[in-house]
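User: I would like to go through this model term by term. For each label, show me the value behind it.

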Amino acid sequence: PSASFRWPRPRVSQHDRSVSAPDPRLFGRLLNIAGIIAVSVLLVVQVPLAHRPAWVWALAWLALLGWLVRELVPAASRWLVVSCLVSLAAASVVVTSTNVLGYIAGIVCLASLIASPRWPLALGLIAAGASASVVGVCTLLFAADIPTTLGAFVGLSVAVLVGISRRQSRT
């Protein structure tokens, strides 16, 4: 056997080089942006501005902004973690004041934080525990009704389970 033997190279068309693969996260990003728009519209329609204090609106929009930033930064960026934690913290405070609508952004960010194998699982679980504590305290402070609080805890539980499930499928 000679050392100079080489396998034949496959023929490559000139058109194959010009085609680039689409971003694998494009569809997910579009769905998240549609979700941000839908939640924004629902917040304005379902929770009238005149019936809520300004700080509720500020924190709800901060949570939505954190969700948007999470979509725009690279997955390996530390800003992804920061945006997820800010979104979850802001959403946890306004969960009862917005009838759980303001909590959706935080739940989505929590699920993605837990789902990413780049970051420790403990980070997401501690964030979930802190969120549950803040929701509980805000329920007592703002005298929220029980169904709203239970709905928030169910959403939080689902986010944790979805995040763990996605994390297992990615590793």
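User: Which residues of helix 5 are buried?
Analyst: The model is predicted. In helix 5, the buried residues are Ala 105, Gly 106, Ile 107, Cys 109, Leu 110, Ala 111, Ser 112, Leu 113, Ile 114 and Ala 115.

User: What makes helix 5 "mostly covered"?
Analyst: The count does. Of its 12 residues, 10 are buried. Buried means under 20% relative accessible area. The buried residues of helix 5 pack against helix 3, helix 4, helix 6 and helix 7.

User: What describes the packing of helix 4 and helix 5?
Analyst: Helix 4 (residues 78-94) and helix 5 (residues 104-115) pack at about 145°, and their axes are 8 Å apart. Their crossing is left-handed. Helix 4 brings Val 81, Cys 84, Leu 85, Ser 87, Leu 88 and Ala 91 to the contact. Helix 5 brings Ala 105, Gly 106, Cys 109, Leu 110, Ser 112 and Leu 113. By class, that contact has nine nonpolar, three polar and no charged residues.

User: Why is helix 2 called roughly antiparallel to helix 3?
Analyst: Helix 2 and helix 3 pack at an angle of about 170°, with axes 10 Å apart. Angles over 145 degrees count as roughly antiparallel. Helix 2 is therefore roughly antiparallel to helix 3. Residues of helix 2 in the contact include Gly 28, Arg 29, Asn 32 and Gly 35. On helix 3, Trp 57, Ala 60, Trp 61 and Leu 64 are among them. The contact of helix 2 with helix 3 divides into 11 nonpolar, four polar and three charged residues.

User: How do you know that the length of helix 3 agrees too?
Analyst: Helix 3 (residues 54-72) has 19 residues, which at 1.5 Å each should span 27 Å. Its end C-alpha atoms are 27 Å apart, so the span agrees.

User: Which residues of helix 3 are buried, and what covers them?
Analyst: The buried ones are Val 56, Trp 57, Ala 60, Ala 63, Leu 64, Gly 66, Trp 67, Arg 70 and Glu 71. Their cover includes helix 2 (26-46), helix 4 and helix 5.

User: Why does Ala 60 count as buried?
Analyst: Ala 60 lies in helix 3. Its relative accessibility is 2%. The cut-off for buried is under 20%. Ala 60 therefore counts as buried. Not counting residues up to four places away in sequence, Ala 60 touches Leu 43 and Val 94. Ala 60 and Thr 98 are 38 residues apart in sequence, yet 8.1 Å apart from C-alpha to C-alpha.

User: Where is Ala 144, and what is it in contact with?
Analyst: Ala 144 is in the loop between helix 6 (121-141) and helix 7 (146-170). Leaving aside neighbours within four places in sequence, Ala 144 is in contact with Thr 96, Thr 139 and Thr 149. Thr 96 is 48 residues from Ala 144 along the chain, with 6.0 Å between their C-alpha atoms.

User: How many helices and strands does the chain have?
Analyst: The chain has seven helices and zero strands. Of its 171 residues, 38% count as buried. Among contacts with a separation of 6 or more, 74% join residues 24 or more positions apart.

Technical notes
Residues numbered from 1 in each chain as written. Predicted model: local features only at pLDDT ≥ 70, side-chain atom pairs only at ≥ 80, totals over all residues. Heavy atoms only, no water. Axes fitted to C-alpha atoms, helices over the stretch in contact; angles between N-to-C directions. Helix = DSSP H or I, 4+ residues; strand = E, 2+ residues; numbered from the N terminus. Left-handed = near helix turned anticlockwise from the far one by under 90°. Contact = heavy atoms within 4.5 Å. Nonpolar A, V, L, I, M, F, W, Y, C, P; charged D, E, K, R; others polar. Expected span 1.5 Å × (residues − 1). Buried < 20%, exposed > 50% of the residue type's maximum accessible area, 1.4 Å probe, protein only. Parallel < 35°, antiparallel > 145°, perpendicular 65-115°, else oblique.
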